[in-house]
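Biologist: I would like to learn how to read a model like this one. Please take me through it feature by feature.

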Amino acid sequence: MRTLPLLLAALVLPSQGLAAQTIFRQDEILTADRPEAWALNYFAAASLITPFGETPSLAPGDWALALDLGHIPRLSDDEQRVGFNGSKAEDLNKSPVFGRLRLMLGLPAHWVAEIGYTPPLSIDGTRSHDLIALAIGRRVIDRGDYTLSIRAFGQHGGARGDITCPGELAGVSDSERNPFGCQAASHDRVTLNYYGIDLTSGWAAGRWNWHASVGAARTELAVQVDALTFDVRDRSRLVSRDVLPFVAVGASREVGPNWSVAMEVLHVPLTVRRGPDAPHENDPLTSLRLQLRYRAR
């Protein structure tokens, strides 16, 4: 925990004068059940580039473009209390949705490549930063109304924003509202890197194409804190590595000569221990996702 060292640094600062700013840094590799690790995994799960159905049948050079939107369920006050091993509330309810533009391109031998990009739109003081996802897959079984697809995928990039010290608390003197003495909006950087593999079964039923996906992602997550608290600049870095299994079930249908829509429910099991002596809890991400796709013909 970083609470005690940070407060001690704040007490020492006045005796040093104002000539130099105290820099505090305590880097940690988090265990998978720490609240901070759970929060990182939660938002990495929300950004998973799921297949949204079977791998499309695209001839080499053919392409399709899609817009993905995924609901991010709002976290309760208790769920947002993840800092300092569950003793500090963080501003995690930044956006109710995660969005991505996705390009699919047909390759030789029935392979399909995908590239996804999340535009750096500013939402409540936070924006994505160079957040790019890639995938490559193909159908391994294609028999009439049934298909089985396999993909490898990954993501690199993250987001920046005022998470540990939200702008609305900057300089607030009320110790109940601002117990950690945030003096300015923080400039925290979150890394949301992962890579993994998934399998998708697809089958046709009337005008609908149904699918069920199962996969796992290896996460390489981190948060670089940059917060001014009690005149001490916290530059700690927290790192989390884990494996996230996931399942997704949904359906799609064509709504025009070139257009189709899809929806699915994504479920990612997550476990957390909210405090050193607290029991383990199951606190998963369950998200409704939508996709609008245009296929060039």
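Biologist: What pLDDT does the protein chain average?

Modeller: The average is 92, and 93% of the residues score at least 70. Over residues 3-19, though, the pLDDT is below 50. That stretch has 20 contacts in the model beyond near neighbours in sequence. Where pLDDT is low, predicted coordinates should not be read in detail.

Biologist: Which side chains of strand S15 are buried?

Modeller: Start with the general idea. Side chains in a regular strand alternate between the two faces of the sheet. Now the case here. In S15, residues 259-268, Ser260, Ala262, Glu264, Leu266 and Val268 point to one face and are buried.

Biologist: Which strands pair with S15?

Modeller: Strand S14, residues 237-254, pairs with S15 in the antiparallel sense over eight bridges. The two form a hairpin with four residues between them. Val247 stands opposite His267. Strand S18, residues 285-295, also pairs with S15 in the antiparallel sense, over 10 bridges. There, Leu290 is the bridge partner of Met263.

Biologist: Where is Phe84, and is Phe84 buried or exposed?

Modeller: Phe84 lies in helix H4, residues 83-86. Its phi is near 50 degrees, a positive value in a residue other than glycine. Phe84 is buried because its relative accessible area is 5%, under the 20% cut-off.

Biologist: And where is Phe230?

Modeller: Phe230 sits in the loop between strands S12 and S13. Phi of Phe230 is near 50 degrees, again positive and not in a glycine. Its relative accessibility is 32%, so Phe230 counts as partly exposed.

Note on methods. Residues are numbered from 1 along each chain as its sequence is written. This is a predicted model: local features need pLDDT of at least 70, side-chain atom pairs count only at pLDDT 80 or more; totals for chains, interfaces and linings use all residues. Side-chain values use heavy atoms; hydrogens and water are left out. pLDDT is the predictor's confidence in each residue, from 0 to 100. Contact means heavy atoms within 4.5 Å. Buried means under 20% relative accessible area, exposed over 50%, partly exposed in between (1.4 Å probe, protein chains only). Two strands pair if DSSP finds at least two bridges between them.
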